[in-house]
Every structure is written in C-alpha cells, then in structure tokens.
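Dear colleague,

I am handing over the structure that we discussed, and it is placed directly below. Please have it open while you read the notes that come after it.

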Amino acid sequence: MRAPTARAAVDESAPRAPVEVLIEEARHRARRRRQVIGTVAIVAVAAAAIALTAALDGAGTPDDRSTALGGPVSETTLGIFEPMRGRIVWAADHELRAVDPADPTDIERVALPDEVDSLAMVSGWSADGTRLALTSEDAGKLYVLDTRGAVALAGETGCCLFVSDPWLAPDGSTVAEFVAPGRLQLRDVGGLTEPRQVDVDPAFGREDGPPVIAEAWSPDGTRIALRVYEDEVTWTRPSIFVVDLVTGTTRELRIPEIDFIRHMTWSPDGTRLLVVAGTYLQLNGVNLIAPPVGPQETSLYVIDTEVDASGPAQSPEPIASSHFIAATWAPDGEQIAAIDYGAPAGPGGHGIVIMNQDGSGADLIVPTTGTRRWTGLAWHPIQSTPR
C-alpha cells in the first residue's frame, strides 16, 4: 500500500483560470482517458490472441491448454521455482528435489505436473531460472516447465541416451533439432514463430552419416556443442564439435582418447565444457561397444573451448574419476556438482557430490537421490534469497 501523500493547501487568493480554460483541460483529460482505455483494450485483445494462438498450436487434447509458457510470476518471486533458488535440482519419484549446497540437510521438494512423465529427468535451466527443461526417454518426450507450473511439450526424443544434455536455449523458448542432412532447426517451443534453419558445415545429422547425440547450448545462445560419433553401429570414437549459429560453421574441440561421452554442459562464462566421459567395459578382453546402460567408471574433463583446434592437441587429465552420470556448474563457475553411482548409496539410489572446479575438495552432500534410475541435475542460476 502506498503511503498517504499530503494534500496541498488551497490558496483562496490565488488567481483562478477562466471557465473556458477549465473546460478545455477537462476535454484533454477525457481524451487521454479514452486513449489509455483504448490502449489497454488493444493490449488485452493482443494477449488473448497470443494465448489463443498458443492454445490452438498445441491443440490435440483438452489438457493442452496448459502448454502456454509464461515468465516469472512477479519481479520478486520465481513461482513454483522459488524453493529452487541457488540449489542443485534433480528429479525423483515424480517430483523435483533441490538441495542447498551450503546446508545439505535442507532439501526442498516440488511435485511435477501430472502431464510430465514420472521418469522425466532434469536437463537444464533457462538463463533467468524461469523455465526448466525435462527429458523422458521412457515416454520419448521433451518438456519445458515454467514458473506457473504450466508444461509445454517441446518435442520428441528416442531411446538409449540415458542422460540428456541441456538442450534448451538460454532464452528458455527455443529447441534445436536436426531436420535434414546438414540442417539444424531452431524451433520456438510455443510455436508462435517460424522455425529458423541453420545450414551446418560439415553436414552432421545425415541419415547415412555420423549420428549426432544431443546438444548443449552456450550461455550466450550463439553456439551449440554436439557429440558426434564416428560410427552409429559401434558407437566409437566420439568427437565434440561446436556449431556457430550465426555462420553455421563448426569447429572440432580436441578431447582425450575416450570411448563415449555421457554428458556435457557449458561453464557459465562460455569458455569451457564440462564433459562426463569414459571407456567401454571389457568382457573376455573385448570392448562392449554399445551405449553403456549400467554404472561404470567415468571421469570429469574440463575442455577449453577457446583453444585453436589447429594447434597442439589437448590431453587434459580428468579432474575426477568415479561412476559419474551427469554433472553441472555452479552459477559462478567456482564449483561442480555431479551424480555419482560410485558414491556410497543406501537403498534409495546413487548420490550427489560437490567439488571445486579443479576437482579438489570433493564432498558427498546427498548420499542418495531417491531413485536408482538414470537421472540428470542442474544448478538453479539465480542466487538464493538471504535467510
């Protein structure tokens, strides 16, 4: 409520304006009121049209009315994501769980909407923390959840990636997908704008060429990092390519000799990639060359994306090794959190470890995530409010 303002004293001796002036001022005020009312009506009609367009675009079932995306509930709250501020977030048992890294005993829980598959896992946040990307390989769907709890079906996915990279653009409303040989499509989740086509050179995503596995958007939204395997049958020798969305050109990053890449995400400053990678298990001296479907040893690598690919190859040592599934950066880039199958786990499942950006000071902060299924995690980008 506004504080009451003091009213100016009336000076009866002050000269008064002629009646004609007062009438003209009254007419001006009336015109201004009509203009404001008309503007409000136009805005209301436009908003209704946008809402109707979004509803029609997602029409298919009566429940699709909930798919329209919205921003923060207000300037001071993140709506259903308010308990997520500054926390490490994952999904388990059809709910979001968020741990305070400063106080691991403090875990918030928020139920996921019914239209989100119960096995959906966290993939990443929009840069402003108002939209959350979720992936369900069990249901074959991509979702975007907003601060009001509304869900948008962002696309379809397939089996056997097991942990999804952060595929949502920093703006929270754009999804990337390969739609033709050498062509990347940037699609508006709400369907309100025409998809943008980006020709990629070399032409990844060909039907008879190397498969492209997931995407990770740079924080400024201008680049996408891709996992590209040399052979789709044997799933061997992955490479990382960075696509410039402005020019469509690609640049290969130098990476260690590894067999598979499980997960990757950009550092907040956009200069490094955090990569979860490992080698295939061996059985009777033979590598099992298939997407790993069970816990096995992996390592965390930090790859410099600014190094010239024409220079000497990088051979970075892993910053940590265990049975990592997915990893994420703290908003300030000073720490890393990872889901680790190798961590001591009780009946509920695997744990969450937190460490410095160089891998030092590792600490198991969540002994069990509450699920033994594959799942991802993401650190909410907005700082926690003071207690």
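This is a predicted model: local features need pLDDT of at least 70, side-chain atom pairs count only at pLDDT 80 or more; totals for chains, interfaces and linings use all residues.

Residues are numbered from 1 along each chain as its sequence is written, and side-chain values use heavy atoms, with hydrogens and water left out.

The secondary structure of the chain comes to one helix and 25 strands, where helices (H or I, at least four residues) and strands (E, at least two) are DSSP runs numbered from the N terminus. Of the 387 residues in the chain, 45% are buried; here buried means under 20% relative accessible area, exposed means over 50%, and partly exposed lies in between, with a 1.4 Å probe and protein chains only. The accessible surface of the chain is about 19,900 Å², and carbon and sulfur atoms hold 54% of it, the areas coming from the Shrake-Rupley method with a 1.4 Å probe, and for residues only the protein chains shown count as cover. If one takes the contacts (heavy atoms within 4.5 Å) with a separation of 6 or more, 51% of them are between residues 24 or more positions apart.

Side chains of opposite charge can pair when their charged atoms come close. The structure holds nine salt bridges, each being a side-chain nitrogen of Lys or Arg within 4 Å of a carboxyl oxygen of Asp or Glu. One of them pairs R227 with D165, at 2.8 Å from N to O. R227 lies in strand β12 (residues 223-231) while D165 lies in the loop between β7 (151-156) and β8 (174-180), so this pair ties together parts that are 62 residues apart in sequence. Both partners are buried, R227 with a relative accessible area of 2% and D165 with 0%. Salt bridges that share partners also join E95, R97 and R109 into one network; within it, the side chains of E95 and R97 meet at 2.8 Å, N to O, and both of these residues are buried. A further salt bridge links E82 and R85, again with 2.8 Å from N to O, and here E82 is partly exposed at 24% relative accessible area, whereas R85 is buried at 13%.

Finally, N356 is found in strand β23 (residues 351-356) and is partly exposed, with a relative accessible area of 32%. N356 and Q335 are 21 residues apart in sequence, yet their C-alpha atoms are 4.4 Å apart in space. When neighbours within four places in sequence are left aside, N356 is in contact with E334, Q335, I336 and G361.
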